[in-house]
Amino acid sequence: MNYLLAVSGGVDSVVLLDLFSKTNNHLVVAHVDHGIRGEESAADARFVGELAKKYKVPFVSIELNLASSASEELARAERYKFLLKEAKRFNALLVTAHHEDDAVETIALNIERGTGWRGLMVLNRLGVMRPLLGMTKQQIYDYAIKHRLEWVEDATNR
């Protein structure tokens with residue numbers, strides 16, 4: 001099977017890459033530099049490119065050059081446009097590192113916005129696999145530390 005792994009360089013996606021590297025599947029690492037954080041995001045892109053080399057898998061990336069005022073929705077839409085296009089090009093299934101805490105956070109935000117039942121069906125997108133949904137953020141950190149993985153911290157996630 002072919003998988004296109006969305007890797008930001010953060011702990012979640014680095015763990016995803018490490019887990020998938022232990023399989024016999026064909027992997028491609030994909031990275032999106034939104035261009036919002038300047039040199040910091042460019043450094044993240046270089047870090048992910050080096051990770052792909054370390055794991056001996058192909059690497060594709062894009063620099064979107066979105067303005068720092070770009071909305072989260074615009075960034076997400078542009079990110080998925082690139083990732084899904086690349087998945088199709090490699091005849092691969094897109095895999096993201098969303099985890100249990102992400103699902104809980106999204107549900108809480110949707111409830112706050114006054115969502116109906118559809119807003120509770122989070123992280124359910126056709127053509128996207130999310131194998132870490134059964135793991136908490138703490139379990140992901142524990143795995144990364146146990147396996148001595150390196151990752152980058154995005155200041156905007158704090």
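Two strands pair if DSSP finds at least two bridges between them. Helices (H or I, at least four residues) and strands (E, at least two) are DSSP runs, numbered from the N terminus. This is a predicted model, in which local features need pLDDT of at least 70, side-chain atom pairs count only at pLDDT 80 or more, and totals for chains, interfaces and linings use all residues. Residues are numbered from 1 along each chain as its sequence is written, and side-chain values use heavy atoms, with hydrogens and water left out.

**Exercise 1.** Find the order of the strands in the sheet.

Solution. Begin with the elements: from the N terminus they run β-α-β-α-β-α-β-α-β-α. The five strands form an open sheet in the order β3-β2-β1-β4-β5, with parallel pairing. β3 (59-63) and β5 (128-129) are the edge strands, each pairing on one side only.

**Exercise 2.** Describe how strand β1 is joined to strand β2.

Solution. β1 (residues 2-6) and β2 (residues 26-33) run parallel and are joined by five bridges. In one of the pairs, Leu5 has Val29 of β2 as its bridge partner. Helix α3 packs on the sheet, touching β1, β2, β3, β4 (93-95) and β5 (contact: heavy atoms within 4.5 Å).

**Exercise 3.** Locate Phe82 and decide whether Phe82 is buried or exposed.

Solution. Phe82 is in helix α3 (residues 72-89). Its relative accessible area is 5%. Buried means under 20%, exposed over 50%, and partly exposed in between (1.4 Å probe, protein chains only), so Phe82 is buried. Not counting residues up to four places away in sequence, Phe82 touches Ala30, His31, Val32, Val60, Ser61 and Ile62.

Technical notes
Axes fitted to C-alpha atoms, helices over the stretch in contact; angles between N-to-C directions.
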